[in-house]
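Please have the sequence and the model in view while reading.

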Amino acid sequence: QVQLVESGGGLVQAGGSLRLSCVFSGLSLSTYDMGWFRLAPGKEREIVAAIKWTGKSTTYADSVKGRFTISRDNAKNTVYLQMNSLKPEDTAVYYCATDPRGVIGITPAYWGQGTQVTVSS
């Protein structure tokens, strides 16, 4: 059984930082690429960042480049999203997701329950 459990969301002022964590279990998820997605009210879901299973390659949305960093620790079955210089437009529910096919350009098969990030101005 695949499980993805996010944590670390909350309320923060603009310019602040948060670190999201996603603990994964089941299958061989340490060999799957992982992604962080977000869904804001009135907007379409977007991929924020992705990381190869080796951890050696990352991809970011233009809106978060230079501010967010995705990383993973396969020994701890955890993927992280460090978010710095947060802006009100970063307010959304953040989800981690994975799929044996990758996470870019598709709707991944496996999702966490999401964690709310709210950035006040």
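The text below covers the basis of the model, then the aromatic rings, then one serine.

The model is predicted, so local features need pLDDT of at least 70 and side-chain atom pairs count only at pLDDT 80 or more, while totals for chains, interfaces and linings use all residues. Residues are numbered from 1 along each chain as its sequence is written, and side-chain values use heavy atoms, with hydrogens and water left out.

A search of the whole structure finds two aromatic pairs. Rings of Phe, Tyr and Trp (its six-membered ring) pair if their centres lie within 6.5 Å; planes under 30 degrees apart are stacked, over 60 edge-to-face, and the rest tilted.

| Pair | Centre to centre | Angle between planes | Type |
|---|---|---|---|
| Phenylalanine 37 and tryptophan 111 | 4.8 Å | 55° | tilted |
| Tyrosine 95 and tryptophan 111 | 6.1 Å | 80° | edge-to-face |

Phenylalanine 37 is in strand β4 (residues 34–39) and tryptophan 111 in strand β10 (residues 110–111), so their pair ties together parts 74 residues apart in sequence. Strands are DSSP runs (E, at least two residues), numbered from the N terminus. Tyrosine 95, in strand β9 (residues 92–98), is 16 residues from tryptophan 111. Phe37, Tyr95 and Trp111 form one aromatic cluster.

Buried means under 20% relative accessible area, exposed over 50%, and partly exposed in between (1.4 Å probe, protein chains only). Phenylalanine 37 is buried at 4% and tyrosine 95 is buried at 19%, whereas tryptophan 111 is partly exposed at 27%.

Serine 21 lies in strand β3 (residues 18–25) and is buried, at 14% relative accessibility. Leaving aside neighbours within four places in sequence, serine 21 is in contact with Val5, Glu6, Ser7, Trp36, Thr78, Val79 and Tyr80, where contact means heavy atoms within 4.5 Å.

Notes. Helices (H or I, at least four residues) and strands (E, at least two) are DSSP runs, numbered from the N terminus.
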